[in-house]
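Here is a short report on one protein chain. Keep the structure open while reading.

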Amino acid sequence: MPVINRIADMSDEMKGWRHWLHRHPELQFDLPQTANFVAERLREFGVDEIHEGIATTGIIAIIEGQGAGPTIGLRADMDALPIDEATGATHASETPGKMHACGHDGHTAMLLGAAKYLAETRNFAGRVALIFQPAEEGGGGADVMVKEGVLERFDIGRVYALHNAPNLEAGHFQTTPGPIMAAVDTFEVDVKGKGGHGAMPHEAVDPIVAAVGIVQAIQTIVSRNNFALDDLVVSVTQIHTGTADNIIPETAWICGTVRTFDPKVQEMVMRRMEEIVAGQAVAYGVEAKLSYKIGYPATVNDADEVAFAADVAREIAGDVGVNAAGGREMGAEDFAYMLNVRPGAYLFLGQGASAGLHHPEYDFNDEVSAAGASFFARLVERAQPVS
């Protein structure tokens, strides 16, 4: 069964929802238009409960099945990114500086499609909780929802999520048991020297030379302090300093990201950064302060839930269209917070040849929406069959 026929019939409708969302991108927790659009559709579908204002603009919708049973959670993220769109699409963003460059508009549309089908058919026991989440892109909306107690409040026993995957064959699924996405941390280093004339460096204390020394030394953490078989990325992504060609500035600022899976590796990186920053400050005669912020934890799939979800995906994509041992990657995802407290699985859904995620020319492939919505629907029907 490639897709559920009723959901295939909704393809144009899901495309319309997705295009509206794409034209009206909003960031992090500030999603009033998006949340209102989602709530309006859910009311049209006749879901049993709609709980708004969770984690500021998040929504939990409940659909009752037939008879008693557990509650299964399906999650879609709703926020966009602070990027100027360059797709040239007729449904391109109408808000300069904001666009759906990660496909969350598609995730929301797919979950709405599953919601409409499940509200019509109710061919399952217990309940389904539809989790429409804000602030995946840096705000940790999933963490806020968990801390607000939504999993306990709605008695959600297990949770699932999909994310589109550019350049994975369209409609194919990929996942893996155990860790699938990395933990993500952010670091900043403030360097303070003594400004002066560019022609008289001996009268100044140059923060640029110190900053370059710190950046070069940080690179040795991966190559010389980490066991080669332990996954680790340390990337310096920003250096800001200076105003003119003949001025040695007073300060410099460094920023970057760290990706890990093992807490021991994370602890090692934090320790070495402290040592490097302190040591380089002494070496170059500057003041330097490290600020290290621990971010999203690693996203860890439950092995049994992956096996179940992959079996459901095979109904949609066939055996050749499902890779249940696809390995892990160094990107990060705040669905990790939900998987930390409930069993579940996170899967990728291929969308074919495409610009990469977070790219100004990226656009979600509407042709895969029926496959994603069918997967969500069949998860519920298979997990909680009617007696």
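Leaving aside neighbours within four places in sequence, which residues is methionine 181 in contact with? They are Phe261, Ala298, Thr299, Glu329, Gly331, Ala332, Glu333, Tyr346 and Phe348. Contact here means heavy atoms within 4.5 Å. The model is predicted, so local features need pLDDT of at least 70 and side-chain atom pairs count only at pLDDT 80 or more, while totals for chains, interfaces and linings use all residues. Residues are numbered from 1 along each chain as its sequence is written, and side-chain values use heavy atoms, with hydrogens and water left out.

**Methionine 181**

Methionine 181 lies in strand S7 (residues 178-181). Its relative accessibility is 5%, so methionine 181 counts as buried. Buried means under 20% relative accessible area, exposed means over 50%, and partly exposed is in between (1.4 Å probe, protein chains only). Methionine 181 and valine 269 are 88 residues apart along the chain, and their C-alpha atoms are separated by 18 Å.

**The whole chain**

The protein chain has 11 helices and 16 strands. Its radius of gyration is 24 Å, close to the 21 Å that the globule rule gives for 387 residues, so the chain is as compact as a globular protein of that length. That radius is taken over C-alpha atoms, and the rule is 2.2 Å times the number of residues to the power 0.38. Helices (H or I, at least four residues) and strands (E, at least two) are DSSP runs, numbered from the N terminus.

The C-alpha atoms fill a box of roughly 80 × 45 × 40 Å, taken along the principal axes. Of the 387 residues, 53% count as buried. Among contacts between residues at least 6 apart in sequence, 82% join residues at least 24 apart.

The accessible surface comes to about 15900 Å², and 50% of it belongs to carbon and sulfur atoms. Accessible areas come from the Shrake-Rupley method with a 1.4 Å probe; for residues, only the protein chains shown count as cover. The chain carries 28 positive and 53 negative side chains. The centres of the two sets lie 3 Å apart. Lys and Arg count as positive and Asp and Glu as negative, while His and the chain ends are not counted. Each charge is placed at NZ of Lys, CZ of Arg, CG of Asp or CD of Glu.

The table sets end-to-end C-alpha distances beside the expected spans. The expected span is 1.5 Å times one less than the number of residues.

| Helix | Residues in helix | C-alpha span | Expected span |
|---|---|---|---|
| H7 | 19 residues | 26 Å | 27 Å |
| H11 | 15 residues | 21 Å | 21 Å |

Start with H2. Its buried residues are Met14, Trp17, Arg18, His19, Leu21 and His22. Their cover includes helix H1 (5-9), helix H3 (32-45), helix H4 (104-121) and helix H11 (369-383).

H11 itself is mostly covered: 14 of its 15 residues are buried. Glutamate 367 sits in the loop between strand S16 (344-350) and H11. At 67% relative accessibility, glutamate 367 counts as exposed. Proline 385 is in the segment after H11. At 48% relative accessibility, proline 385 counts as partly exposed. Proline 385 and glutamine 66 are 319 residues apart along the chain, with C-alpha atoms separated by 9.1 Å.

H7 buries Pro207, Ala210, Ala211, Gly213, Ile214, Val215, Ala217, Ile218 and Ile221. These residues pack against strands S8 (183-192), S10 (232-241), S11 (247-248), S12 (251-260) and S13 (287-294), and against helix H8 (263-284).

**Loop residues**

Where is methionine 10 placed? Methionine 10 is in the loop between H1 and H2. At 1% relative accessibility, methionine 10 counts as buried. It touches Gly113, Lys116, Tyr117 and Glu120, not counting residues up to four places away in sequence. Methionine 10 and valine 269 are 49 Å apart in space, C-alpha to C-alpha.

Alanine 55 lies in the loop between strand S1 (49-54) and strand S2 (58-64). Its phi is near 50 degrees, a positive value in a residue other than glycine. Alanine 55 is buried, with a relative accessible area of 0%. Arginine 122, also not a glycine, has a positive phi of about 50 degrees. Arginine 122 is in the loop between H4 and strand S4 (127-133).
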